[in-house]
Amino acid sequence: MTLGSQILQYIISGISIGSIYALVALGFNIIYNTTGIINFAQGEFVMLGGITAASLVTIFHVPILIAFLAAVIIVTAAGAFFERLAIHPLKNPSVITLIIITIAGSILLKGIAMFIWGKDTYFLPSFSGDRPIHFLGAAILPQTVWILGITGLVVILLSAFFKFTLAGKAMRAVASNRMAASLVGINVKKMVLFSFALSAAVGAVGGIIIAPIALMDYDKGAIFALKGFAVAALGGIGNFGGAIAAGLILGILEALGAGLISSHYKDAIALMVLLLVLFLKPSGIFGSAQESRLKKF
Amino acid sequence: MKKLFLAGVSLILGLGILIGSLDAADEAKQEPAKLERYKVGALFAITGPASWLGEPERNTVLMIEEEVNKSGGINGHPLKLIIEDTVGDGTKTVNAAKKLIASDKVCAIIGPSRSGCTMAIVPIVQAAEIPLISCAAAEAIVIAPDGKQNKWVFKTPQKDSHAAEKIFEHMKANGIKRIALLTGTTGFGAQGREQLKKLAPVWGMEIVADETYGPKDSDMTVQLTKIKAKNTQAIINWSIVPAQAIVCKNMKQLGIELPLYQSHGFGNIKYVQVAGGAAEGTIFPCGRLLVVESLPNDHPQKKVLARYKKDYEDRFNENVSTFGGHAYDALWLVIEALKEVGPDREKIRDYLEGKKGFVGTGGVFMFTPDDHNGLTREAFEILTVKDGKFDVLEK
Amino acid sequence: MPLLEVINLEKHFGGLTAINRVTFSIQPGQIKAIIGPNGAGKTTLFNVLTGVVPPDGGEIRFRDGDITGWKSHLIASRGIARTFQIIKIFGDMTVLENVMTGCHLKSKTGLLSAAFHLLPVWREEREIAEKSIRILREVGLEDRAQARAGNLPLGMQRLLEIGRALASEPSLILLDEPVAGLSGPETRELAHLIRRIRDGGTTVLLVDHDMSLIMDISDEVLVLDYGCKIAEGSPREIQNDEKVIAAYLGEEMD
Amino acid sequence: MIKSNYLALLILALVLAFIPLAISNVYYLGILIFVGINSLITIGLSLLMGYAGQISLGHAAFFGLGAYLSGVLSTRLAVPPVSALLLAALFTALVALLIGLPTLRLKGHYLAMATLGFGQIVYIVFNAWVEMTGGPSGFGNIPRLRIGGVVFDTDLKYFYLVWGLVVVGLFFAVNIIHSRVGRALRTMHTSEVAAGTLGINTVRYKIQIFVISAVYASVAGSLYAYFVTFLSPGTFGISFSILLVTMVVFGGRFSVWGALLGTAVLSILPESLRIIKDYDVLVYGAVLLLVMIFFPEGLVGLIGRVFRPRSLPEKLRT
């Protein structure tokens, strides 16, 4: 195997895992933009999506497409339920309260998953087999193609939603100025609920498409949250385009770092990037400093 | 001010009640003793991240306790097990060990399930002079800082080094010399990596790649691509977490057709299932519990293994696991000691150290003052995955 | 030499110009008032002067030093204190603690010495408490020292906020609508207090809508409209200024 | 008000002094020692959460730094334990300063994010730097703590040492709260703008409190290392960081006494109630959520309500 095809293989691996990171980061951004909340429970939505779909397919033998849709709907409901239960009752919460609440939510969702699924590992068969496609000496898994395709579709649907639908426009209005939005008659509380449901759905999609590669268990949410979080920060919190670019960059960086340097510190790469960004350019590499200062927090 | 004072006093009172509740909870457990009971402590990670170790261990010892007491106890004395959950956490294990020693005054302890937890309580049992039979894998457990065996500590699981040697033995027989290591970054994986690197030169093996992965990693294609680029003849994947199943899948996906060796940590049929066919042909050393049907009838362990497997699977309606087997061996060792020498801690220890030819699920134990594990690498059999099941590899 | 000099100060919020190249100065010992219709930029001016928001252009000089763009705690340490139009007392502290907090700049216990609570710390605490009681007496809140600040009626909260600002012994105090919401007698009392503050050596810059109060106590008045300075002079001059009249008339017609 | 805190401290010290006479069982002593070690961390954390209004999701890492540095220094380099403890605290303080300096200048969740990432990095290093830390298998044979001629080799001695330090830690915390610095910190609940115009450099105090709370955690870590004499990375993961936050919130984050109470209850209760062990994740998540929604002042707030039905916050925030 030549170095060139090796590097190509790393980049392919990086892009596929990076897409998942990007989806998690998009979930962070959807909620952040409408509410100013960093939702620490975002990773649990990914886990719930993956584990629900996997158990539907392997235990109840539901066809994959139906399992996919069912899992997204269930997790979306879970996201909305979480907002009603934990975020809605709060009056004028401080940042620290919101952080603790979403952490509590993430532990609770994890606990519920443990209660339902136990500690076993679940797997979802690949959507269309495991026979790799060979390309310049590198192997591309069919699942990687699915991941890229579905991620792209989600991105297109999301931007269409925000551009063309009334709810999407209302959410954007809330994002840019909460007070003004409520003055023109937008139900801000409802938009908060929407944003949780939507980001849960996006997280669930990420969980389902990665499940055939990654295996799923109740404890898998935290690692996705952490990586997605680093990606969101790197891209500039609230910046959708930034999240996608940063996801791919970080995924590739991790893969190249593990491949060319050492796999021992693979997970530290994303976190080092996170710390560096927070220290040197807290608005993210694609955000402007001005913007981050004007944000609510 | 006065009210704050009151609040403070009630706070302290509340704490007192809490501490008191420890006692109460403890006493509630005790029923009036009919005869002098032999009390044995057990520390298992019944809940928490390592519950897949602790649960079968707990089930196993409960089953044995019932069986022993039904058949009249040990020389007429009822056996009383006091089982504590370590949650797989060092701090909780230390607390639980102290409880067993100081409150329950047990005469021996079996467990803990994990190496790290065992290491945390070795100083405690050494100081308290109480025999401990650990169910954890690491070899370091029984070794004192001066290189001798820890006086009071024994263990039943087979040694990592024996598993490594068994793998190397098989490799050598098949002409494999250049190998790649892939290990998980857990205690089990790290110990294995250490043993493999130490023993490889002894067996004439050259390690050309040494990669690791985290227990929660999603994708090992990067590590495998790196290995693929090196000119190796086989891959050893040493891990105990479900993520090791991903390695099987990724190898197939990348089209790597090298032989895959796994460690005895692969001895869980669930991993074969989640690998979805990709685990076919994997070679790994393991105790004989998983392949009891394939053993010849005259094999010394056959009877013990068959009985344990049947009892366990009938009673708990789930597959027997090697981990439960480690607890099975540990508890029967203690019971035999109690039968012979009674509940004296010192005598139990001396008995265990001199015990020869104990047939357990892990192998035939031959303890000596220089070997508190008592097993050789013959305790391992080389297994493979055939049609989604474990089977003895044809020589 | 002026105590405070503001030269061509500018502040924009997006497309909106809140302060448009405003220039003025305050002499030591003055009571100077800023008036103007709602939205004229008065509070924004205070916020810029005290470093709550940074200016977008121009220069601020205080006691002959450039303080343009400084952080608010540094500006405060140079000797500018203020109150707020929307009261910002520390509601969950006692009245006394509020004033003691105001003594922050004039005391020096740091984290480590606080942790050990040695004699000098103990002594400083006592001194601060005594000084704060004196200030409370000055503003007439001595008998409320142990009350929870958030429970005070509005008038007293305004007094407390002034007391807290005075505790830092500022050379310039900025009062943002100090009599808003106060009754007639309360307003008169406050006017006395403002004079006493000036007589005690602290220069006063205030914003208010109460014209009779302004005309009564100010030495000089500055008029802002849509962020621009439209007039500056003695109360009498201002009362007769056509531009000012026009600005206020315009407001009334809205 | 500081006097009533001193009185409470004195009573606590007296009660603690007599506890070992009432319970001689090393098991209970052992639990209380761990309660003490955890309390030391949560007292510092409650200063950060209740007074500086910030949250750290990486205190387990500071705890771990204290533990590993002490352990490594005194085992591999034969540094006397007390010096190792102090060196570890100093190093941890520097690390906290490096994290706090850039992130505490920004408002909101940046410290939470940075400490979360930092905690995970430290955890990875504990696992991966096998030569120094023993990797995932951990390392043992850490010597006992020795101060002058006294070796702290029994649980009884260690009990007095740990709780002595807890009392000292509480004393420092109470003093800080009732000082110029404490008042400056308390302003941040209401208005950072007002605080700034009084000359209070809020960023500076936030950084200082963050560093101090990291030092509390580091000292606790050193005590842990010399008590258990064996370290492995599992103890210092993110879940412990979150448990610490839960303890502080549950007890009442606006009071250092709340931290003590929360730590005691959440450390002792799981020992006597099995159900908590089986579903620990579920129970802690539910506890945290319920407390935050229904009684954000925690247990201490509840007790306060019993004794002072109407205005509860001001004195209990001491």
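Reply: Start with domains, whose bounds come from an automatic or database domain assignment. This is a predicted model, in which local features need pLDDT of at least 70 and side-chain atom pairs count only at pLDDT 80 or more, while totals for chains, interfaces and linings use all residues. Residues are numbered from 1 along each chain as its sequence is written, chains are lettered from A and ligands numbered from 1 in the order in which they are written, and side-chain values use heavy atoms, with hydrogens and water left out.

Me: Which stretches of chain B make up its domain 1 and domain 2?

Reply: The assignment gives 35–158 + 297–375 as domain 1 of chain B and 161–286 as domain 2. The C-alpha centres of the two domains of chain B are 29 Å apart. Eight residues from domain 1 and nine from domain 2 take part in the contact between them, where contact means heavy atoms within 4.5 Å.

Me: How much area is buried between domain 1 and domain 2 of chain B?

Reply: About 800 Å², with 56% of it on carbon and sulfur atoms. Buried area is the accessible area (1.4 Å probe) that two parts lose on being put together, summed over both, so the value belongs to the pair. The size of an interface is often given in this way, as the accessible area lost when the parts come together.

Me: What kinds of polar link does the rule find between these two domains of chain B?

Reply: There are two residue pairs in polar contact, both residues of a pair being at pLDDT 80 or more. A polar contact is a pair of N or O atoms within 3.5 Å; within protein, one must be able to donate a hydrogen and the other to accept it, and residues adjacent in sequence count only if both atoms are side-chain atoms. The count of salt bridges between these domains of chain B is zero.

Me: Which pair of chains has the most contacts?

Reply: Chains A and D, among the four pairs of chains that touch. Here 39 residues of chain A are in contact with 40 residues of chain D. About 3,500 Å² is buried between chain A and chain D, 87% of it on carbon and sulfur atoms.

Me: How do you know that chain A and chain C do not touch?

Reply: Their nearest C-alpha atoms are 11 Å apart, and no contact is counted for chain A and chain C. Chain B and chain C are also without a contact, with closest C-alpha atoms 13 Å apart.

Me: What makes D371(B) and K159(B) a salt bridge?

Reply: A salt bridge is a side-chain nitrogen of Lys or Arg within 4 Å of a carboxyl oxygen of Asp or Glu. For D371(B) and K159(B) the closest N and O atoms are 3.9 Å apart, so the pair meets the rule. D371(B) sits in the loop between β12 and β13 of chain B and K159(B) in the loop between β5 and α5, so the pair ties together parts 212 residues apart in sequence. Helices (H or I, at least four residues) and strands (E, at least two) are DSSP runs, numbered from the N terminus.

Me: Why is R178(B) called partly exposed?

Reply: Buried means under 20% relative accessible area, exposed over 50%, and partly exposed in between (1.4 Å probe, protein chains only). R178(B) has 26%, so it is partly exposed. Its salt-bridge partner is E206(B), at 3.3 Å from N to O. E206(B) is also partly exposed, with 42%.

Me: Why is D314(B) called exposed?

Reply: The relative accessible area of D314(B) is 53%, so the term exposed applies. D314(B) forms a salt bridge with K310(B), with the closest N and O atoms 2.8 Å apart. Both residues lie in helix α10 of chain B, four residues apart, about one turn of the helix.

Me: Why is T115(D) called buried?

Reply: T115(D) has a relative accessible area of 0%, so it counts as buried. T115(D) is in helix α5 (residues 110–128) of chain D. Leaving aside neighbours within four places in sequence, T115(D) is in contact with residues including I55(D) and F210(D).

Me: Which backbone atom does the side chain of T115(D) reach?

Reply: The backbone nitrogen of L57(D), at 3.0 Å.
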